[in-house]
Amino acid sequence: MANEFWLSDAQWHAIAAHLPHNQPGARRVDDRRVISGIVHVLRSGCRWRDCPAVYGPYTTIYNRWNRWSRRRFWQGLFEALRQ
């Protein structure tokens with residue numbers, strides 16, 4: 001689909017080192033795919049439920065965004081990228 005968003009290799013390389021690792025719980029789905037889905041929803045303004053299936057289950061996309069927002073992960077990532 002032409003309007004999908006995917007992180008480029010350069011974008012992924014810049015953020016991959018800042019992602020949390022060794023998190024408890026179920027086996028994690030591909031971070032690059034999930035983050036691309038999060039960016040797609042935020043850029044397009046669609047509902048989480050309407051996120052295209054190519055990014056994975058919309059519940060996974062939303063839960064990751066929500067969990068990382070509560071942990072202030074995004075602020076830390078943006079600060080690291082700014083520097």
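Predicted model: local features only at pLDDT ≥ 70, side-chain atom pairs only at ≥ 80, totals over all residues.
Figure 1. Once residues up to four places away in sequence are set aside, Arg33 touches Trp6, Val54, Tyr55 and Gly56. Arg33 and Tyr55 are separated by 22 residues in sequence, yet their C-alpha atoms are 5.4 Å apart in space. The side chain of Arg33 also reaches the backbone oxygen of Tyr55, at 3.4 Å.

**Figure 2. Asp31 and its contact with Arg64.** Helix 2 covers residues 31-44, and Asp31 lies within this helix. Asp31 counts as buried, because its relative accessibility of 12% is under the 20% limit. The side chains of Asp31 and Arg64 are joined by a polar contact of 2.5 Å. Apart from residues up to four places away in sequence, the residues touched by Asp31 are Trp12, Leu19, Arg64 and Trp68.

**Figure 3. Packing of helix 2 against helix 3.** The axes of helix 2 and helix 3 are 9 Å apart, and the two helices pack at an angle of about 85 degrees. Helix 2 and helix 3 are therefore roughly perpendicular to each other, as angles of 65 to 115 degrees are classed in this way. On the side of helix 2, the residues that meet helix 3 are Asp31, Val34, Ile35, Gly37, Ile38 and Leu42. Their counterparts in helix 3 are Thr60, Ile61, Arg64, Trp65 and Trp68. Sorted by class, this contact has 7 nonpolar, 2 polar and 2 charged residues. Asp31 and Arg64, whose side chains form the polar contact of 2.5 Å, both belong to this meeting of the two helices.

**Figure 4. The largest nonpolar core and Trp74.** The largest nonpolar core holds 17 residues, of which Ile35, Ile61 and Trp74 touch the most other members. At least two residues of this core are supplied by each of helix 1 (9-16), helix 2, helix 3 (58-70) and helix 4 (73-82). Helix 2 provides the largest share of the core, with 4 residues. Leaving aside neighbours within four places in sequence, Trp74 is in contact with Ile35, Ile38, Trp65, Trp68 and Ser69. Among these partners of Trp74, Ile35 and Ile38 in helix 2, together with Trp65 and Trp68 in helix 3, also take part in the contact between those two helices.

Technical notes: Residues numbered from 1 in each chain as written. Heavy atoms only, no water. Buried < 20%, exposed > 50% of the residue type's maximum accessible area, 1.4 Å probe, protein only. Polar contact = N/O pair within 3.5 Å; in protein donor to acceptor, adjacent residues only side chain to side chain. Contact = heavy atoms within 4.5 Å. Core = buried A, V, L, I, M, F, W, Y, C linked by side-chain atoms within 4.5 Å. Axes fitted to C-alpha atoms, helices over the stretch in contact; angles between N-to-C directions. Parallel < 35°, antiparallel > 145°, perpendicular 65-115°, else oblique. Nonpolar A, V, L, I, M, F, W, Y, C, P; charged D, E, K, R; others polar.
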